[in-house]
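Visitor: I would like to learn how to read pockets, helix packing and backbone details from a model. Please take them in turn.

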Amino acid sequence: MKTIKGPGIFLAQFMGDEAPFNNLKAICEWAASIGFKGVQIPSWDARLIDLQKAAESKTYADEIKGIVNAAGLEITELSTHLQGQLVAVNPAFSEMFDGFAPAQYHNNINARTEWAVNQLKYAAKASRNLGLNVHATFSGALLWAPAMYPWPQRPAGLVETGFAELAKRWLPILNEFDANGVDVCYEIHPGEDLHDGITFERFLEATGNHTRANLLYDPSHLLLQCLDYLEYIDIYHERIKAFHVKDAEFNPTGRSGVYGGYQSWINRPGRFRSLGDGQVDFKSIFSKMAQYDYAGWAVMEWECCIKHPEDGAKEGAPFIKDHIIRVTEKAFDDFAGAGTDDAFNKRILGI
C-alpha cells in the first residue's frame, strides 16, 4: 500500500500580475511557506512555463524543475485544461472559447484545433522531460450543447457519432502520451463530453479501452450532479490517476436546482466552496483512495465564490495534510498470527 502524496496546489487560480503570484519562483516560495509540497502547473501560462520549449529541451525542463525543487516542492502534474477544451468545440461555443488560444487562431476552428492538438503533444514530451507520468486535462465537447438534454429529440446515432469523432481526435494524442510513458487524466466536468461515469465509459469504448485514457477525480463536480462520488471511486479506482481536492455544496430550492437558472456562482444552488466549507465527505474519500492504493498527489483546486483565495490556500494545505492517511505496513491482528504451516492448514480443513 502507498500513502497519498500531498498537499499539492493547482496554481491556475492564483496567478496574477503582482508578486508573489506573477512568476514561478515567487509563487512556489509562497506555496511552500504555507505548507504545500507540490504544484500543478497550468501549461498555458507563460509566466510559469514555455510548454513547447519544455517539450523540446531537456535542459530547459530541468531548469523549471530546479526552480520548483529549490522552493522545497515537486511538480505534481502539468495541466492542459484550456488546450484540451479546444480539441473538440461545438460551434455554439466556438467564439466563447477563442480566448483559450492565441489571437492568430481566433475565428478559425480548424487552425485552433490543430494548435490545441499540438499543445497536447508538447505536453506529453514536456511531462516526460520533467519526469512526470501523469497529466491533467479536459476532453472538450462536441455533444454538450446540442445533446446534453434530450430535447429536442436526438437524431438516431448522434451520440455515437459524437464519441467516435471525439475518440478520433484524441487517439493520436493518447498514442503520443503512451510513447512518452504518461497517463492522460480527464477531469470529469460539466461542459465536457466526459462529464460523468457513463460518458467516460463511452469514450473508453470508442478509443478501444486505451490504457492511457484515465481520470482526474474531482468530487465537487460529481456532487453538483447529485452523483454518488464515493461509489464512483469503487467503480473507477483503477483509472483514477490524479485527484483535485475541491469542495462544493448543493442546496436546491423551490426555484432552482441542478441547472442553476443562469444565475451567478454565488446565487446558484450548486456552488464551489473552499475546503471544509462545503458538503463533500473528504474523510470517506481519502479513506477510499487509501484503500485502493492511490499513489498520486492530492492537489487542492481552489474555486470559491465567497472566501479570499489566499485564505482558502492557507486553510487548504493543513486540511489536505490532516486528511491524508499514512497507510499501515502490517495487519492490526498480526500479534495473534499463527504463522504459515501448510500441514496445519490441511488438518484444520480435514484434508
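This is a predicted model: local features need pLDDT of at least 70, side-chain atom pairs count only at pLDDT 80 or more; totals for chains, interfaces and linings use all residues.

Visitor: How many residues line the largest pocket, and which lie nearest its centre?

Guide: The lining has 49 residues, and those nearest the centre are Trp144, His189, Pro190, Gly191 and Glu192. By class, the lining of the largest pocket has 27 nonpolar, eleven polar and eleven charged residues.

Visitor: Which elements each supply at least two residues of that lining?

Guide: They are the helices α4 (81–85), α5 (94–97), α7 (144–147), α8 (158–179) and α9 (197–206), together with the strand β9 (270–273).

Visitor: What is the volume of the second largest pocket, and how many residues line it?

Guide: Its volume is about 330 Å³. The second largest pocket is lined by 18 residues, with Lys5, Thr76, Leu132, Asn133 and Trp297 nearest the centre. That lining divides into seven nonpolar, five polar and six charged residues.

Visitor: Which element gives the largest share of the lining of the second largest pocket?

Guide: Strand β3 does, with four residues. Both α3 (58–70) and β3 (74–80) supply at least two residues each.

Visitor: Now the helices. At what angle do α1 and α3 pack, and how far apart are their axes?

Guide: Two packed helices are described by the angle between their axes and the distance between the axes. For α1 (residues 24–33) and α3, the angle is about 30° and the axes are 8 Å apart. Angles under 35 degrees count as roughly parallel, so α1 is roughly parallel to α3. Their crossing is right-handed.

Visitor: Which residues meet where α1 packs on α3?

Guide: From α1 come Leu24, Lys25 and Cys28, which meet Ile64, Ile67 and Val68 of α3. The residues of this contact are five nonpolar, no polar and one charged.

Visitor: How do α6 and α8 pack?

Guide: Helix α6 (residues 109–129) packs with α8 at an angle of about 20°, the axes being 8 Å apart. The two helices are therefore roughly parallel to each other. This crossing is also right-handed.

Visitor: Which residues of α6 and α8 meet?

Guide: On the α6 side they are Thr113, Val117, Leu120, Lys121, Ala123, Ala124 and Lys125; on the α8 side, Arg169, Trp170, Pro172, Ile173, Glu176 and Phe177. The contact of α6 with α8 has eight nonpolar, one polar and four charged residues.

Visitor: Next, a single residue. Beyond its neighbours within four places in sequence, what is Leu82 in contact with?

Guide: Leu82, found in helix α4, is in contact with Trp44 and Phe100. Its C-alpha atom is separated by 26 Å from that of Pro269, which is 187 residues away along the chain.

Visitor: Last, the backbone. Where are there cis peptide bonds?

Guide: One joins Gly6 and Pro7, with omega about 0°; Pro7 is in strand β1 (residues 5–10). Another runs from Trp151 to Pro152, with omega near 5°. Pro152 is in the loop between α7 and α8.

Visitor: What is the phi of Asn107, and where is that residue found?

Guide: Asn107 has a positive phi of about 60°, although it is not a glycine. Asn107 is in the loop between α5 and α6.

Technical notes
Residues are numbered from 1 along each chain as its sequence is written. Side-chain values use heavy atoms; hydrogens and water are left out. On a 1 Å grid over the protein atoms alone, a cavity is a set of points where a 1.4 Å probe fits but cannot get out, and a pocket is an open set with protein on both sides within 12 Å along at least five of seven lines; lining residues have an atom within 4 Å of a point. Ala, Val, Leu, Ile, Met, Phe, Trp, Tyr, Cys and Pro count as nonpolar, Asp, Glu, Lys and Arg as charged, and the others, Gly among them, as polar. Grid points are joined across faces, edges and corners, and a volume is the space filled by probe spheres set on the points. Axes are lines fitted to C-alpha atoms, for helices over the stretch in contact, and angles run from 0 to 180 degrees between N-to-C directions. Angles under 35 degrees count as roughly parallel, over 145 as roughly antiparallel, 65 to 115 as roughly perpendicular and the rest as oblique. A crossing is left-handed if the near helix is turned anticlockwise from the far one by less than a right angle, and right-handed if clockwise. Contact means heavy atoms within 4.5 Å.
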